[in-house]
Amino acid sequence: MAQHPRAWHALETDEVLEVLDTTLEGLTEAEAQARLQTYGENRQRPPEKRSRLMRFLAQFRNLLIYILLGAAVVTALLGHWIDTGAIVAVVLINALIGYIQEGKAENAMDAIRGLLAPQAVVRRGRRRRTIEAAGLVPGDILILEPGNKITADVRILSARGLEVDESPLTGESVPAEKAPASVPAGANLADQHSMAFAGTLVTRGEGVGVVAATGLVTQLGQVTEMLAEVEQVTTPLLRHLNQLSRKLAVLIVAGSILTALAGILLHGFSVLEMFMAAVGLAVAAIPQGLPAIVTITLAFGVQRLAKRNAIVRRLPAVETLGAVTVICSDKTGTLTLNQMTVQEVLLADGAYRVDGQDADPADSSAAKEAPPAESRPLAQAAALCCDASVYEQADGSKGISGDPMEAAILHFAASMGIDVEALRDAAPRETGIPFDSARRYMATVNSVEDDRKLVVKGAPEVVVPLCSSARTRTGDASLDEAAWHTSAEAMARRGLRLLAIAERSLGDDPVDLETSEGLSGLVLLGLVAIIDPPRDEAISAVAACQRAGIRIKMITGDHAVTAAAIGRQIGLGEADRGVTGSDLDAMDAEAFSRVASDSAVFARVSPRHKLDLVSALQAKGEVVAMTGDGVNDAPALKRADVGVAMGQSGTDAARESSAVVLADDNFATLEAAVRQGRVIYDNIVKSILFILPTNAAEALLLVFAVLGGLQLPITPAQILWVNMITAVTLALALTLEPPERHVMRRSPRPTNAPLIPKTQRARIVLVAAVMVGGTLGVFLMERAGGRDLAEARTLALHTLVLFEMWFLLSARRLHASSLNWSGLLDNPYVLLAGAATILAQLVLIYTPMMQFLFDTRPLGWRDWLLALGVSLPVIAVAEGHKAWGANGSASMHPLR
């Protein structure tokens with residue numbers, strides 16, 4: 001019999017016990033074993049995994065890889081084993097990288113499985129027992145205590161000050177209060193206060209619950225199943241490279257066949273001769289170095305990003321960052337500090353902003369700009385009525401342990417110049433009651449010199465009615481309860497969480513802390529307004545992304561009003577509340593798609609909502625980056641074009657499901673990664689635009705020679721040399737190009753934009769034509785003058801290499817001119833590549849071993865000058881095309 005999910009949170013506790021056929025005394029051991037056989041162990045089903053061999057072979061399912069393997073076969077047929085080995089090495093390295101990265105990604109399921117703690121404390125047969133978590137069954141009575149990781153979905157039966165950190169599952173930034181009272185059936189996951197879920201942590205209080213769901217039926221299990229079903233999308237770069245590979249494959253095969261047939265039919269060449277010519281044409285046309293250039297460019301990008309605290313787990317993600325059109329960001333810790341902070345205090349004479357929240361809670365000299373002195377009693381009373389404690393960290397500094405809201409209060413007290421530890425020593429606590437979700441207040445009695453002081457801290461709607469007066473500059477005055485409530489509501493609408501602080505002198509009078517009658521007659525000291533504030537750098541980073549045409553959407557499990565308040569502060573619009581998960585559930589597909597595109601703040605959302613929002617945006621053609629840190633984010637992180645996990649606060653599941661990990665949990669780092677992604681894409685395009693004219697020129701040299709009935713101006717072996725020079729030295733320098741101007745001022749490139757911009761195609765043709773004309777012209781002129789065939793070929797080869805060197809200078813800029821000091825000198829690797837190329841040519845031309853291998857001959861000064869003069873004009877052609885294109889519309893330059 002399988003478990004069936006149901007709205008356990010909406011049932012009364014006695015109904016839950018009846019449905020689960022259990023009692024508060026717990027199941028007997030026999031009943032538990034019987035249910036274990038029925039429901040199965042409390043663990044997740046291991047996913048079916050491919051074998052290591054199949055995962056490795058899957059890396060070769062790419063047309064560009066097939067072309068490279070074909071090139072390896074061709075070079076092997078020619079007997080050039082060194083080139084064959086180099087090509088095969090490139091293929092194997094690419095496959096190995098993909099194999100390793102996929103292996104890491106498949107660990108995501110194991111990481112989520114690890115969130116189920118190995119043990120649980122239950123009540124069985126009236127006795128408290130500790131058992132393996134895998135042995136939990138529906139109907140077990142689970143004991144909940146601080147520090148316990150909850151190991152199943154539990155319906156709360158009783159609770160005393162129970163709070164649970166649900167951030168890994170819901171994204172809620174503050175621990176959730178738990179109580180046995182039922183909640184409406186349609187409540188969001190974060191609002192199901194009568195439930196505690198697997199994978200979450202008890203932070204304070206204690207409670208008892210009955211296990212309602214285990215294994216795959218838990219909320220955590222459903223996220224795991226969802227993650228297993230999510231299909232990872234292909235990156236834009238890989239899609240474009242696949243398209244380019246298909247087009248090249250068609251052109252190479254068709255061109256080789258047609259050229260061979262033309263040679264046989266028009267000039268009577270033998271079949272063997274034309275077969276070798278076709279092989280040479282294929283070798284010339286295949287850009288053997290392209291995959292290596294792309295991999296190296298991405299690898300350099302990974303290194304740069306690592307220095308900016310962005311760790312890349314999958315290489316293609318580096319470039320995809322530059323194509324992002326929408327960033328769906330988590331709120332807590334990414335856009336905000338992940339530290340609850342007192343931002344304002346409301347006193348009888350008005351509201352004041354609070355600064356200095358980084359103050360040491362044990363350092364009275366840490367006070368900075370602060371509210372007036374009248375707020376000091378407020379800070380002192382609040383610090384006394386707190387269970388959070390100050391402790392000394394390993395480095396000697398002071399830290400705070402406890403509820404985030406109370407930690408904010410202690411930081412606030414420190415900012416007022418109050419030494420919290422000294423204050424508590426001077427006013428020790430006699431008694432007190434913790435915060436309870438039913439009462440909604442906390443109360444303590446402290447000994448202060450010759451008096452006893454009652455301090456109450458809680459929700460304004462509960463504490464303010466207990467007050468008969470309010471503290472002012474001149475003393476206690478009558479309380480205008482309506483005015484306080486009006487001010488409190490206005491602050492709450494701005495997303496601030498409010499706590500009212502009140503006190504009363506007790507003397508020797510007894511006090512009943514459990515009832516409102518015992519707490520009447522309090523003096524209201526004021527209200528503290530707490531929020532997890534946005535990072536300053538996140539505000540500027542969001543603005544930078546918006547200038548770059550990237551839309552930012554905040555998706556969080558926090559309250560709708562709080563989310564909207566943070567959204568307003570970071571520039572995501574002026575909405576009073578975010579779109580909630582309940583709002584999304586009520587929409588049809590069309591409305592959901594429209595809201596996903598138009599709205600900027602989403603709150604109280606579930607893992608399924610996050611996944612559906614990412615999918616809806618992708619369906620509209622957006623390239624989506626998703627940030628997150630919790631288990632609830634893992635499916636959306638995996639589905640996004642770029643999943644970005646938090647390195648500090650993130651769960652293992654989030655990190656393993658992502659392509660990029662931010663080591664500092666900072667949105668500003670993501671903005672820097674997007675910038676780097678754009679630079680990387682530009683450099684890949686520059687490399688391709690540099691390689692393609694050279695390969696085209698080599699292929700056309702053979703085509704024209706065959707069609708004209710001429711001897712080949714360059715041999716297949718010499719073509720491989722040129723290709724090696726192109727990939728290993730010259731094109732490699734382009735991978736290290738610095739960013740062009742305004743890289744973050746242009747809109748993201750369209751997802752359907754071709755890898756080679758239309759404005760650049762004419763340049764490829766022009767440059768290839770100049771290279772072919774110059775190289776073939778030199779060869780024919782030398783042959784007509786009676787030059788030896790090997791010498792003429794050597795000069796043609798050298799001319800073609802010099803063409804590449806000069807063209808490299810122009811290729812450094814896609815649209816701007818390279819004929820300036822910046823274009824010539826700001827990338828020293830270009831000059832090093834040029835020097836390395838000349839050195840390689842000297843070795844090729846003048847060393848006996850290379851002369852033997854490549855059939856080259858020594859060249860004289862006249863030959864060098866001739867090759868130089870013929871090749872130099874290619875710069876004028878390329879730069880002239882840029883100047884001509886600059887006269888067109890700016891919209892014609894998507895990469896400008």
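How do H12 and H25 lie relative to each other, roughly perpendicular or roughly parallel? Before I get to that, some ground rules. This is a predicted model, where local features need pLDDT of at least 70, side-chain atom pairs count only at pLDDT 80 or more, and totals for chains, interfaces and linings use all residues. Residues are numbered from 1 along each chain as its sequence is written, and side-chain values use heavy atoms, leaving out hydrogens and water.

Okay, the helices. Helices here are DSSP runs of H or I with at least four residues, strands are E runs of at least two, and both are numbered from the N terminus. H12 covers residues 316-323, H25 covers 667-707, and their axes (lines fitted to C-alpha atoms, for helices over the stretch in contact) come within 6 Å and cross at roughly 100°. Angles run from 0 to 180 degrees between N-to-C directions, and 65 to 115 counts as roughly perpendicular, so that's what H12 and H25 are.

Who's touching? With contact meaning heavy atoms within 4.5 Å, Val318, Glu319, Leu321 and Gly322 of H12 meet a set in H25 including Leu670, Ala673 and Tyr681.

Next, H21, residues 589-598. Its buried residues (under 20% relative accessible area, 1.4 Å probe, protein chains only) include Phe592 and Val595. They pack against several elements, among them strand E21 (551-555) and helix H22 (607-619).

Last, cysteines. Taking a disulfide as two cysteine sulfurs within 2.5 Å, we count zero.

How values were computed
Parallel < 35°, antiparallel > 145°, perpendicular 65-115°, else oblique. Buried < 20%, exposed > 50% of the residue type's maximum accessible area, 1.4 Å probe, protein only.
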